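The sequence and structure are shown first, and the findings follow by topic.

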Amino acid sequence: MTFEEFKELALNPLEYDGGKIFRLEVFGYYDEWINEDGGYGLVHANTSYYTSLEEAQSALLPIYDSVSKKDGLKIYCSLVYEIPTGIDMRFAKYSRVLSFDGEGELIDHTLCAYPCGINEEKYEIFRGRDQSMIRFQPGDIVEVLTLWEESAPSVLTAIITKTPPTIKDSWELYDQLGELFVDGIESDEYRYLIGEHWLAGHNSSTPSFLVFKPHVTVTEKRQKELLEYYRNYKGQAYWRQGGSRLDEIAQSAGGLSSNMCPGFKSLTPSDFDPIYEATEAVHVFGTADFFVENPLETIFASIEERSGNILSNFSNFIISISNTDWHGKHLNPKRISEWEKIIEEKLHNPRNVRWGERIMKGAMFYKIDIVAYK
């Protein structure tokens with residue numbers, strides 16, 4: 001496949017040609033529900049079904065008018081889900097989603113089907129977005145719509161840290177992998193922060209169609225908070241003030257960089273307090289491609305080659321395992337626990353060990369950082 005052919009499929013992905021219906025969801029809000037941090041709950045104001053997209057779009061403005069007059073709501077947005085018929089729908093699968101603003105204008109839409117829904121790969125491949133379709137850039141303050149079955153819809157103010165890949169980004173990956181390229185809906189996301197990136201749940205991602213320009217004014221205080229979180233995430237501030245060698249160690253081992261996000265257990269700044277009180281501290285690390293036969297052995301061979309027997313002089317350690325989010329190569333918690341046990345066996349006298357895991361977006365390798373101190 002040439003780049004031009006790839007680009008054409010990215011811009012005009014195959015649309016599902018089987019049976020389908022369209023579900024229209026409308027959301028509204030009240031000004032008095034807005035919190036100090038810019039977050040607020042939404043009212044799920046309408047759910048209706050149609051036999052065509054045109055029919056659903058024609059219903060938008062009349063529904064907006066009706067719910068606004070009846071309930072005094074301000075319209076937040078509406079979502080139209082294209083739903084295949086004749087398949088198991090227990091997990092709310094869809095072949096397409098379109099996002100409309102409060103004026104009924106289309107602002108975003110998905111570019112591939114939900115995985116394992118139609119079960120036809122040709123509909124489920126995501127090939128990147130044209131630059132014109134990427135509505136926000138890193139550093140932009142936005143609102144993220146959160147939808148959970150067990151709770152009411154709500155909005156969070158957030159700051160963008162990463163955009164969906166462009167067509168060129170996806171092509172470069174396709175050029176490496178050829179027919180093994182299987183990128184899907186999970187890549188068509190924005191990453192964002194609502195708090196410090198090392199706090200669980202504060203560094204997350206969401207589909208493109210659930211990200212909006214702020215509907216309400218974001219306070220100056222909240223803007224300053226978000227910009228500070230972003231600055232720390234970008235590695236433009238050290239873990240400790242001053243930029244000492246120890247700050248650099250904490251920054252590197254703790255994962256204070258833009259391509260990192262927390263794993264199932266993350267190191268926090270307080271985990272590095274001991275190295276500031278230690279008489280001596282060293283930092284060693286090693287990497288290994290995830291397709292080698294034994295990546296952990298390869299990593300330790302790299303560490304020994306670089307640092308010799310230096311770790312034998314220490315008994316206190318802070319160890320961070322950098323995982324990948326690559327499908328099929330992501331280390332699950334059980335495998336990470338197995339690695340931790342093997343690593344401890346390789347250390348000479350591991351009296352006190354603090355563990356952390358972080359995820360390197362799109363990485364094709366694993367990395368282990370070891371900070372030893374006494």
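On a 1 Å grid over the protein atoms alone, a pocket is an open set of points where a 1.4 Å probe fits, with protein on both sides within 12 Å along at least five of seven lines, and its lining residues have an atom within 4 Å of a point. Grid points are joined across faces, edges and corners, and a volume is the space filled by probe spheres set on the points. The model is predicted: local features need pLDDT of at least 70 and side-chain atom pairs count only at pLDDT 80 or more, whereas totals for chains, interfaces and linings use all residues. Residues are numbered from 1 along each chain as its sequence is written, and side-chain values use heavy atoms, with hydrogens and water left out.

**Largest pocket**

- The largest pocket has a volume of about 1,200 Å³.
- Its lining comprises 38 residues, and those nearest the centre are Leu173, Asp183, Glu186, Ser187 and Trp326.
- Helix H3 (121-124), helix H4 (167-177) and strand E9 (189-193) each supply at least two lining residues; helices (H or I, at least four residues) and strands (E, at least two) are DSSP runs, numbered from the N terminus.
- H4 gives the most to this lining, with 6 residues.
- The lining of the largest pocket has 17 nonpolar, 9 polar and 12 charged residues, where Ala, Val, Leu, Ile, Met, Phe, Trp, Tyr, Cys and Pro count as nonpolar, Asp, Glu, Lys and Arg as charged, and the others, Gly among them, as polar.

**Second largest pocket**

- The second largest pocket holds about 1,000 Å³ of space.
- It is lined by 34 residues, of which Tyr81, Leu147, Trp148, Phe209 and Leu210 are the closest to its centre.
- Strands E1 (20-29), E7 (141-148), E8 (151-162), E9 and E10 (203-207) each supply at least two residues of this lining, and E7 provides the largest share, 5 residues.
- The residues lining the second largest pocket divide into 20 nonpolar, 7 polar and 7 charged.

**Antiparallel sheet**

- E1 and E3 are joined antiparallel over 7 bridges, and the bridge partner of Phe27 in E3 is His44.

**Mixed sheet and its helices**

- A further open sheet of 5 strands has the order E12-E15-E14-E16-E13, with mixed pairing.
- Its edge strands, E12 (260-262) and E13 (281-289), each pair on one side only.
- E12 and E15 (residues 352-360) run antiparallel and are joined by 3 bridges; Cys261 has Ile359 as its bridge partner in E15.
- Helix H6 (residues 245-254) lies across E13, E14, E15 and E16 (365-373), at about 30° to E13; axes are lines fitted to C-alpha atoms, for helices over the stretch in contact, and angles run from 0 to 180 degrees between N-to-C directions.
- Helix H9 (residues 333-346) lies across E14, E15 and E16 and runs at about 145° to E14.

**Asn323**

- Asn323 is found in strand E14 (residues 316-324).
- Asn323 is buried, with a relative accessible area of 0%; buried means under 20% relative accessible area (1.4 Å probe, protein chains only).
- Not counting residues up to four places away in sequence, Asn323 touches residues including His330, Glu357, Arg358 and Tyr366, where contact means heavy atoms within 4.5 Å.

How values were computed. Buried means under 20% relative accessible area, exposed over 50%, partly exposed in between (1.4 Å probe, protein chains only). Two strands pair if DSSP finds at least two bridges between them.
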